[in-house]
Amino acid sequence: RVLLVDFDPQGALSVGLGIPAHSLEQTIYNVIIEHSVGVDEVVLNTMVDDMDLLPSNIDLSAAEVQLVAEVGREHTLLRTLRPVMDQYDYILVDCQPSLGLLTVNALAAADGVLIPLECEFFSLRGAALLIDTIQKVRERLNPKLEITGILATMFDPRTLHSREVMARVVEAFG
């Protein structure tokens, strides 16, 4: 059994699974901000057997500001997911491409990180910043956090640019 957690305010994972995210009454936002809302109340079944979704929408963007004053704010997602962890073999958290408090929450709750990396040079810089953040989270919040892998995306072997970026990724990360 797999739980997908859409932890991106754009809600692309939810929309990609056919969920009308903009019209949802309750999302991951309600679970992490309103302590009276439980994960079980918000999790949705998907069209795929044994795969559930904890959806998101633009409301989640407000959570970053609201969590700033919270004690233990970096572990909010972990506390939120703890009641359902035993119900799933895997919990996959889809994050926004920023290194803010929501991403730090995801890293603090995770065992591993799979980094999607577009095969272009600006993405390499972003990956380097993410790896720095992962190291800080490992040192300060989650010593078990590991980089599971890097998933090269939009690779076009016909272009020199893609091949050079891939060579750099392999050189840096194996």
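**Reading the model, feature by feature**

Modeller: Asp 111, at 53% relative accessibility, counts as exposed, where exposed means over 50% relative accessible area, buried under 20%, and partly exposed in between (1.4 Å probe, protein chains only). Please keep in mind that this is a predicted model, in which local features need pLDDT of at least 70 and side-chain atom pairs count only at pLDDT 80 or more, while totals for chains, interfaces and linings use all residues. Residues are numbered from 1 along each chain as its sequence is written, and side-chain values use heavy atoms, with hydrogens and water left out.

Colleague: With which residue does Asp 111 form a salt bridge?

Modeller: Side chains of opposite charge can pair when their charged atoms come close. The rule asks for a side-chain nitrogen of Lys or Arg within 4 Å of a carboxyl oxygen of Asp or Glu, and by this rule the model has four salt bridges. In one of them Asp 111 pairs with Lys 144, the closest N and O atoms being 3.2 Å apart. The two partners are 33 residues apart and link distant parts of the chain, since Asp 111 sits in the loop between helix 6 (101-109) and strand 5 (112-118), and Lys 144 in the loop between helix 7 (121-140) and strand 6 (146-153). Helices (H or I, at least four residues) and strands (E, at least two) are DSSP runs, numbered from the N terminus.

Among the other pairs, Arg 73 meets Glu 74 with closest N and O atoms 3.8 Å apart; Arg 73 is partly exposed at 30% relative accessible area, and Glu 74 is partly exposed as well, at 21%. Asp 156 and Arg 158 also join their side chains in a salt bridge of 2.9 Å, N to O, and Arg 158 is exposed, with a relative accessible area of 72%.

Colleague: In what order do the four strands of the open sheet lie?

Modeller: Two strands pair if DSSP finds at least two bridges between them. Here the order is 2-3-1-4, with mixed pairing. Strand 2 (44-45) and strand 4 (90-95) stand at the edges with a single partner strand each, so one side of each is left without a neighbour in the sheet. Strand 1 (residues 2-7) pairs with strand 4 in the parallel sense over six bridges, and Leu 4 stands opposite Leu 92 in strand 4.

Colleague: Is helix 6 mostly covered or mostly uncovered?

Modeller: Helix 6 is mostly covered, for nine of its nine residues are buried, among them Leu 101, Thr 103 and Asn 105. With contact taken as heavy atoms within 4.5 Å, the cover over these buried residues includes strand 1, helix 4, helix 5, strand 4, strand 5 and helix 7.

A buried residue can also lie in a loop. Asn 57, in the loop between strand 3 (51-54) and helix 4 (61-67), is buried with a relative accessible area of 5%. Leaving aside residues up to four places away in sequence, Asn 57 touches Pro 9, Ala 21, His 22, Leu 24 and Thr 27.

Colleague: What volume does the largest pocket have?

Modeller: Rolling a probe the size of a water molecule over the atoms shows where empty space is left. On a 1 Å grid over the protein atoms alone, a pocket is an open set of points with protein on both sides within 12 Å along at least five of seven lines, where a 1.4 Å probe fits, and lining residues have an atom within 4 Å of a point. The largest pocket has a volume of about 1300 Å³. Of its 35 lining residues, Val 93, Cys 95, Gly 112, Val 113 and Leu 114 are the closest to its centre. Strand 5 gives the most to this lining, with seven residues.

Colleague: Which residues other than glycine have a positive phi, Met 154 being one of them?

Modeller: Most residues other than glycine have a negative phi. Met 154 has a positive phi of about 55°; Met 154 lies in the loop between strand 6 and helix 8 (160-173) and is exposed at 64% relative accessibility. Asp 50 likewise has a positive phi, near 60°; Asp 50 belongs to the loop between strand 2 and strand 3 and is partly exposed at 46%.

Key. Grid points are joined across faces, edges and corners, and a volume is the space filled by probe spheres set on the points.
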